[in-house]
Amino acid sequence: MKSKISIVIAAIVLVALLAAPVAARGDTGSIKTIASGDGIFVYETGLNIAALTVSGLGPATLPTSLVKWDSTVDQNELNRIEITNTASFDVLNAAVNGQYGTYHPAVGSIVDANKSVLIYMPEATLGVVLNNSHPDSVDGKSVTRDATLAFKIGASKVAAYFKESGVAVGQLDIEMTTPGGAKIREFQNIQLSLLNVTGPEFYTDTGPNQSGRGAIDLTGAEAGTYSALLKWNCSTFTSQAPNSNAVTFTVLSKPLTITTNKESVVRGKTFVVTITGESKKVYYFYVKAVSVATNKKPPLVTPGQSFVYNTTSAGQATVAAFVNDYTAGTTSEPTGGSVTTAADGTRSVEFNTSSATDDKKYTMKVIDPFDSSKYDTVDVTVEKGTVTLTYEGTGTYYMGETIKLSGTNTDSDFVYLFLTGPNLGTDGVRIDDVYFEAVSDDLTTFKEVSVNTDDTWSFKWDTSDLNRTLDAGTYTVYAAAEAKNKGDLSGIEYSTASVVLKKPFVTAAASTNTLAKGDKLYIRGTAEGKPANVYVWIFGKNYRSCANSASVKTDASYEYKLERGDTENLYAGQYFMVVQHPMMNGIKDIDSDAAGTSCTAFFNTSSLLGTWGKSGGGSGIYVRITGLQAPDAATALIDALNSPNVDDTYTKLSVMIEEPWIHIDTVGDKYVGDTFTITGTTNLAEGDEILMDVVSSSFKPTEKTQSGEFSGSSGTVTVVKGDTYNTFSFDVDASTFKPDEYLVKAESIQPSQTATTTFNVIEGIPTTVATTPVTTAPVTVVTTAVETTAVATTAKPQPGFGAVIALIGLGAVALLVLRRH
């Protein structure tokens with residue numbers, strides 16, 4: 001319970017002085033007699049604490065409790081231990097309740113701050129160390145039978161306070177558990193019981209009152225893992241005081257051992273051997289002499305390792321002079337050396353392998369340089385790795401495409417790529433520059449690709465940049481673990497993959513074969529081989545348009561567009577078009593000086609395969625395309641593209657450009673109430689819109705007293721693709737029509753063109769004329785029936801009115817509709 005002390009006797013400042021007792025417990029008398037400032041321990045019994053009287057309450061007022069504060073300033077009570085008999089006081093664990101430290105004697109709420117005792121748990125710690133190097137712990141480690149050990153014990157509080165007549169009387173036993181499970185307190189003839197706690201920290205092999213003990217010699221000790229802990233052997237609290245921490249160590253069966261973390265290793269990887277012997281002792285290690293293939297090596301010691309020595313040529317020679325089964329390496333390629341073990345008798349050494357390491361079994365050996373009878377060996381097998389190769393896609397590509405090659409390599413840190421194929425040299429060529437034939441061990445004649453830490457590799461093979469144009473055909477890609485050409489691959493890990501390279505091509509098609517002036521024209525197609533652009537040439541009557549660029553999309557498609565403004569002023573006639581593909585190098589070998597009707601063409605000598613000059617200087621020879629008829633100019637360009645010094649390919653097409661026209665099919669007489677369809681043909685482009693108007697011929701200006709009845713229909717239709725010519729259709733509902741002659745007008749705004757016709761609507765029984773369904777775009781129809789003031793007479797049909805009057809009437813209809821809206 002935590003509460004404020006109401007009465008405190010003596011100055012609080014004196015409490016600090018009590019932390020350092022003038023005379024330690026038991027220095028002059030019985031260990032059971034406790035004075036102020038002494039330390040006592042949980043589980044002690046029968047203590048005489050009568051000296052802890054509470055001052056100020058009369059002579060020799062005995063305490064009824066011991067109180068612990070949180071501090072001498074706040075004086076908040078943290079714990080209170082009741083006292084029933086000051087002559088025989090038991091320090092119960094439950095009463096202390098984990099609240100260790102300074103306690104003051106008290107009677108009720110009155111506390112004597114001038115007196116105190118220190119209450120502790122009797123604790124001890126245990127360690128196991130080397131006898132000849134106490135700072136080096138072997139806890140949790142392995143030692144050989146050549147090692148000597150000692151135990152390290154710590155018990156500072158017991159050493160300070162647990163005394164009788166000035167002599168420390170605290171005692172401990174070390175209880176060991178053998179590999180077989182037996183509990184012992186004597187090991188290797190060293191008595192481990194009744195260890196006197198002579199100081200805050202001491203060792204079993206040295207120090208006062210440890211006579212008869214000494215270093216623990218492991219010679220002949222049972223191999224296996226031992227554990228040990230401390231147990232108190234004090235009559236005051238033997239049975240209940242807590243044991244110490246446990247320590248372990250393993251005694252090896254051999255005085256010197258060598259082990260490996262990998263019994264087999266793929267070359268190109270590392271492995272580690274661990275040497276276990278005596279603590280801080282020098283040992284020689286090496287790869288036993290073995291025959292390796294020409295230009296091959298055994299595993300080599302990784303340079304720069306701590307406590308690994310004699311890896312120079314001279315150092316290895318020293319090792320070789322002591323043994324008869326070792327062929328020393330060089331300073332740059334050491335195959336052995338010496339090590340100094342750590343305190344636990346171990347030291348690890350890393351070896352590395354590479355594609356130059358011969359694949360076979362190697363014996364790693366360690367030996368005691370002072371006793372050649374002590375040695376050990378371990379075998380490590382170095383195996384060949386594997387190389388794999390695959391490609392992204394189907395295995396068939398157009399020249400100019402980029403092909404992703406990838407795979408794995410567990411045999412070396414690099415893969416070396418080369419290519420074989422028709423007339424490329426017997427042993428292959430460098431894959432990214434086919435000008436160079438592959439020469440074994442000449443890295444400049446291979447494409448060297450680094451292998452990632454996860455053993456994978458990849459390379460993007462750009463077939464457009466090979467320093468030489470390859471013919472279409474089947475080629476074989478090699479990926480080797482070493483820089484060896486096809487003729488030297490025996491014993492080398494490699495993989496192959498066959499790919500088919502095809503010649504790129506271009507296709508083209510016009511959106512229509514016959515184009516009305518003023519319509520848009522699209523030239524669409526595909527260009528395989530991954531060119532960035534294709535180039536469109538157009539030749540017509542007194543018209544040239546040269547090398548117009550069209551971007552090629554990732555799916556190999558392209559589109560070139562002539563806008564309405566480009567075609568509306570073209571002269572009617574046939575136009576010839578050539579679409580040029582720049583092929584693998586991405587450069588158009590036939591180029592143009594300018595665009596428009598004055599453009600010219602010439603050979604681009606910067607990319608040609610032969611030697612060219614340009615008349616009058618410059619960058620190439622002109623191709624005559626001016627002053628020629630359109631078909632002749634197109635032929636001249638095609639002849640230039642067919643030159644053996646030009647690698648570009650092409651396709652050609654032609655389009656007929658006509659004056660725009662619209663034709664309305666004959667309608668025939670209709671009855672009031674009929675529904676029918678007006679159809680027609682046109683050379684306007686699919687998707688163009690035509691405005692349709694159907695208006696009564698009787699619509700004209702009238703006197704105020706005359707009848708002005710009018711009826712008609714209007715809307716917009718879309719041109720659809722037809723078999724020979726494109727078509728359009730317009731649905732008419734004559735249910736509100738008056739008997740009359742009607743004018744039909746079909747008008748296109750872009751391009752501008754108009755057509756008209758007439759038909760009669762007569763009185764009679766309405767019929768619905770069956771028509772053949774025509775697929776059209778949605779039509780917006782406005783049916784208009786406009787009347788002026790009606791008179792008693794009924795208007796009669798007036799067939800025969802001329803078209804001029806009807807056109808005037810159309811203008812009036814538009815005006816009336818605007819007024820209504």
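Asn423 sits in the loop that links strand S36 (414-420) with strand S37 (429-430). The model described here is predicted. Although Asn423 is not a glycine, its phi is positive, at about 60°. With a relative accessibility of 76%, Asn423 is classed as exposed, because the cut-off for that class is over 50%.

Ala547 also has a positive phi, near 50°, and is likewise a residue other than glycine. Ala547 belongs to strand S46, which covers residues 543-551. Its relative accessible area is 16%, so Ala547 counts as buried under the 20% limit.

A further backbone feature is found at Pro751. The peptide bond leading from Gln750 to Pro751 is cis, and its omega is near -10°. Pro751 is placed in the loop between strand S59 (740-748) and strand S60 (753-762).

Cys546 lies in strand S46, whereas Cys599 lies in the loop between strand S49 (590-592) and strand S50 (601-603), so the bond ties together parts that are 53 residues apart in sequence. The torsion about the S-S bond is about 55°, and the disulfide is therefore right-handed. Both partners are covered: Cys546 is buried, and Cys599 is buried as well. Cys234 is another buried cysteine.

The accessibility values of the residues discussed above are set out below.

| Residue | Relative accessible area | Class |
|---|---|---|
| Asn423 | 76% | exposed |
| Ala547 | 16% | buried |
| Cys546 | 4% | buried |
| Cys234 | 3% | buried |
| Cys599 | 0% | buried |

The remaining feature concerns strand S48, made up of residues 573-581. This strand is mostly covered, as seven of its nine residues are buried. Strand S48 has antiparallel pairings with two strands, S45 and S52. Strand S45 (residues 533-540) is joined to S48 by five bridges, and in this pairing Trp537 stands opposite Val578 of S48. Strand S52 (residues 649-658) pairs with S48 over nine bridges, and here Val578 stands opposite Lys652 of S52.

Conventions:
Residues are numbered from 1 along each chain as its sequence is written. This is a predicted model: local features need pLDDT of at least 70, side-chain atom pairs count only at pLDDT 80 or more; totals for chains, interfaces and linings use all residues. Side-chain values use heavy atoms; hydrogens and water are left out. Helices (H or I, at least four residues) and strands (E, at least two) are DSSP runs, numbered from the N terminus. Buried means under 20% relative accessible area, exposed over 50%, partly exposed in between (1.4 Å probe, protein chains only). Two strands pair if DSSP finds at least two bridges between them. A disulfide is a pair of cysteine sulfur atoms within 2.5 Å.
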